[in-house]
Amino acid sequence: MLRLLRLFNLRHLRRKRLETLLCLLGIALGVAVMVGIDLANQNALRSFRRTVDAVTGRATHQILGGPAGIPDSLAATIISGSEVQATPLLEYVASARFHATIQDTATKMILHLLAIDPLTDADFRDYSIAANATARSGSTAMSTGLRFLLQPGAALVDEDFAAAHHLKIDDTLKVLIGARWREIYIAGLIPKQTLSQSGLDNLALVDITTGQEIFGRVGYVDRIDVIASETAARTLAAQLPASLHLEAPARRSQRVNDMLRSFRLNLMALSFLAVFVGMFLIYNTMMFAVMQRRKQIGILRCLGVTPRQIILNTLLEAFGLGVIGSLLGLGLGVVLADYVTRTVTTTISDLYVFLKVSSVTLNSGILTKFFLIGLLTTLLASAVPIIEASKVPAAVAVRRSALEFRAQKFAPRFAFAGICFLVIAIVLALNSIQGGEVFGGFFFGLAAALAVALGAIFLTPLLTLVLVRFTGVIMNKLAGMIGVLAARNIQTALSRTAVAIAALMLSLSMVLGMGLMIASFRGSLNDWVKSVLQADIYLQPTDAATAKWEALFPPEFIQFLEQQPEIDAIDLYGATAFTYRGQPIYLIAISAVVVKDRLDFIFTQGNDQENWQHLIAGEVFLSDGFARRFHKAVGDTVVLSTLHGPRVFRTAAIFVDYSFEQGQVMMDHRTYTENWGASRITNIGVFLKPQIDFRRYAVDLRRALAGRFAVQVIPNRDLRERVFKVFDQSFAITQVMQILAGVVAFIGIISAVMSLLVERTRELGILRAVGMGFGQLHQMVLIESGLMGALAACIAVPAGTALALVMIYVINLHTFNWTINFQINFGAYVQIWWMALAAALLAAIYPMSRLKKISIAAAIREE
Amino acid sequence: MIRLENLSKIYGSRENPIVALHDVNLTIQTGEFIALYGRSGSGKSTLLNLLSGIDRPTSGKIFVHAAEVTAMDENRLTLYRRDTIGFVFQFFNLLPTLTVLENVLLPGQLNKHSASKLRERGLHLLAQLGIADRHQAWPDQLSGGQQQRVAIARALINDPQLLLADEPTGNLDSETGLHILEILKSLSANHDKTILLATHSLDAAQFTDRVFQVKDGALVAQTNKAGK
Ligand SMILES: Nc1ncnc2c1ncn2[C@@H]1O[C@H](COP(=O)(O)OP(=O)(O)O)[C@@H](O)[C@H]1O
Ligand SMILES: [Mg+2]
């Protein structure tokens, strides 16, 4: 019996070749989306973590100083005085040029520079053994190790890097450090084997003295790596002076993780969405496939086939489809992952830390996971409708109206559940606004968003019925009986249409919610940019692209600027990565006297002039993000660890800021220098004298700097543009989301319209028989499809707005921590309408083309 | 006047042909009430489908009044079905999503007739058929006989010259069936409609002016009834 049934199914598949293909495509797309996003996320984050771990080597602990590092003398005392193994280290990520002019950007090389002490480092990092090796050819006058140690500027370069850029021993390389080009020469190569184990690439080793010299850090090291047992480490920690502290390398990796926190949350949310979209696609296609067979099932039941046999048989078929579709999806997903990885890596590189774009490495764990998810979803998606279909009494299964009647009866109950979800959403949102746990807050926020979505989904059937009744009247006026028929069809096939409308509505709501959130964010950012970015010209070391906040202006450059007659005032801005209560934050030093009358900071309270007076007197400003994150108000104190141990600072004011999501403590340069040593200058704002034309001056300045300093000269307007470019970049990933939403919308509607037409073949035959022309039929299908789109958009307007509010006032405030003022954005609302209508009309094209195939005689013959 | 010339319809493949109609010739005068009598599978429905333009013949020609139906393109056929033909089916074939009145008005609406006049006419037809009080009901709330009367009203809404009824009593009990046949007879007598009735019941065929027996796709016998 089962064999016969299987034959029956296979024949069905062959006859409905296109539907089968759609089904496979749906499964494959679903799996691909999940695999693509997840692989990309894992890849980008792992490649970063690997670099950190590789540099760490075998070190169990690290001794760190303040922002300026550890003075040489102190380092020497610690290393010689302690009983554990220890080695000093400096690190810098620089761009490099070979034999080329400085302006040449065609051959872009990135070098991870590590300054080590070759005598003690070999115990920590395998690859540093190269620094001790003697030259392989005996004829060389001096061994590689000795050259490395004795000759200033000698560097060991990783073999692969040298090969890739056709570099050989004794070649000179220019590296960009702190706005200046420095020279190193290749004294030897680091063997491939030692590096590939570590997973590090583009590495260059220099001796610690060379490092201090070219990094502009003479007299300091970044940190001291230590190999010590737990007890030894504890003793060591106790002996350290107040300005230093000991931590496990894992902390460093963790800190980067913390820094990337909001970005990871974004990706995580996107993965969730991808899984949801993928599962929805699969569910939709399988549901459609089974629905088409209701009638066949009814006949089989009449012939005496048991429900069990029908279910087993359908699941077997679903299994086959699931395996093939999921495998296809894995392939497609890897291709997608490549694209997404690029996006993710670029975003991380632009915003956080420099990452090399790496090719996608396959992760069998991820592949297996999503293969199984794809397969299980396929089985589940077919199990639900098939079990339902096979259970109804044989005669009833043929009649769809019984099912539809049930669906309409359920609509109010669903609506009740929907309202419950909305209440839950409100409670969660309020709870989350009151409770402050950062990560917990995120999940509460996410749960609130989910509850909003569920509420909207469950309200959809009833709203559809109500709205359709309304539109029925309008449709009658506009399109007569054709309009009425279209509206009624949506109503009577509620079990199918409501699912499609809900899916479309959900995608639209997400697009709208994101759109409103981004637009509001952009608006708030714009206000800030106008008030804070007021200098005529901004300057930044060119190597900030790779070295981030480690790229500093050399003191000579400041002197050079101070001599320029056209300049009225200079705002020296220094951002320093710092930690507060174990969390990454930034210390910002500014020229308070210069900016207090020139910039228009947005303070949450207090008199501007007084606030600035307090800052100049040694108090600090907190960014709004910092204040929210650590629950600080004006007048509260903040304890920061300084060179002289912990120190208490009073909060003079809180200001709105969008430059660092981690939050910042801002102070005058004098305050910074007293506590952390010489100011580090990372950006400079130049205010020109009134009569100077900033455009002309920017050109002159660039010319004057050429060949001496690698500094980007950015006129005010360009910087503002750049700010928005970075902003858009950080939301680039949401475009992927919009595409996903579009796909869902499209597939949801096309399968709903298709299933409506397939099930109504007979009705279509009658319509044709009583004189309805193709034009009128097309009109009906278009109205039906368009109406579904419009209904979805209607419901998406409040749902999306609610999602935006949750995102802005719950999720954002408790995780990303920006001040965003909700703004109604007309464009975002228009966007979902055209998305909905475009998806609906596009989805109608294929079904419309199939109308020609319906044979009237055959359609009305069957009963 | 309706004329069928050498009309044939063959289903199936070349290797495995199913001859549904074979070389049928027939002339019907305007206003006649004709019965096509034969058992199931003899080709009655096929003939009606060809005549109504729902299906196309394999060969042969159909003339309805001056027009050659077999030469019409899809658009002309649609208009022909809408304006010239009224079709009544064995299974009523009302649209479940439309009310009784809406079902009746549908073909008229497709013609963009003025809405108020059309509605008046629809209600008038329903009244004539004795179901005006149910005009707001849904089809599945009516009995079979009532549904068939709605179907007849729908077939008449555009005032067609030719009414085709394919086993209209096949799904009704004999008493209700009788009532439907009387309605058809009075339409023929009082409204001068040309009516073709396909039936497998000799009793039903007796209501008409002329009876053709259909057998294996061919017209085999003709009974002219006295009285006309
Ligand atoms: N679409 C079709 N495909 C194949 N054979 C058909 C089709 N429609 C009708 N037939 C065949 O044509 C013959 C005549 O059918 P039909 O006109 O429906 O007979 P009747 O209406 O007299 O019962 C039958 O043998 C039937 O099987
Ligand atoms: Mg028949």
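Visitor: Is the crossing in which helix 3 of chain B passes helix 4 of chain B left-handed or right-handed?
Guide: This is a predicted model, in which local features need pLDDT of at least 70, side-chain atom pairs count only at pLDDT 80 or more, and totals for chains, interfaces and linings use all residues; side-chain values use heavy atoms, leaving out hydrogens and water. Residues are numbered from 1 along each chain as its sequence is written, while chains are lettered from A and ligands numbered from 1 in the order in which they are written. Helices (DSSP runs of H or I, at least four residues) and strands (runs of E, at least two) are numbered from the N terminus. A crossing is left-handed if the near helix is turned anticlockwise from the far one by less than a right angle, and right-handed if clockwise; that of helix 3 of chain B with helix 4 of chain B is right-handed.

Visitor: At what angle do helix 3 of chain B and helix 4 of chain B pack, and how are they classed?
Guide: Helix 3 (residues 100-110) and helix 4 (residues 115-128) of chain B pack at an angle of about 125°, with their axes 10 Å apart. Helix 3 of chain B is therefore, relative to helix 4 of chain B, oblique. Axes are lines fitted to C-alpha atoms over the stretch in contact, with angles from 0 to 180 degrees between N-to-C directions; under 35 degrees is roughly parallel, over 145 roughly antiparallel, 65 to 115 roughly perpendicular, and the rest oblique.

Visitor: Which residues in helix 4 of chain B meet helix 3 of chain B?
Guide: Contact means heavy atoms within 4.5 Å. From helix 3 of chain B come B:Val100, B:Leu101, B:Val104, B:Leu105, B:Gly108 and B:Gln109. Their partners in helix 4 of chain B are B:Leu118, B:Arg119, B:Gly122, B:Leu123 and B:Leu126.

Visitor: Does B:Phe92 count as buried or exposed, and what is its relative accessibility?
Guide: B:Phe92 is found in the loop between strand 6 (85-88) and helix 3 of chain B, and its phi is positive, near 65°. Most residues other than glycine have a negative phi. Buried means under 20% relative accessible area, exposed over 50%, and partly exposed in between (1.4 Å probe, protein chains only). B:Phe92 therefore counts as buried, at 9%.

Visitor: What is the relative accessible area of B:Asn6?
Guide: B:Asn6 is found in strand 1 (residues 2-12) of chain B and has a positive phi of about 45°. B:Asn6 is partly exposed, because its relative accessible area is 42%.

Visitor: How are helix 18 of chain A and helix 26 of chain A placed relative to each other?
Guide: Helix 18 (residues 494-532) and helix 26 (residues 716-730) of chain A pack with their axes 11 Å apart, at an angle of about 155°. The crossing of helix 18 of chain A and helix 26 of chain A is right-handed. Helix 18 of chain A and helix 26 of chain A are therefore roughly antiparallel.

Visitor: What separates the C-alpha atoms of A:Val743 and A:Leu504?
Guide: A:Val743 lies in helix 27 (residues 732-759) of chain A and is partly exposed, with a relative accessible area of 26%. A:Leu504 is 239 residues from A:Val743 along the chain, yet their C-alpha atoms are separated by 9.5 Å.

Visitor: How many disulfides does a search of the whole structure find?
Guide: A disulfide is a pair of cysteine sulfur atoms within 2.5 Å. A:Cys420 is partly exposed, with a relative accessible area of 32%, and A:Cys794 also counts as partly exposed, at 35%. Over all chains, the number of disulfides found is zero.
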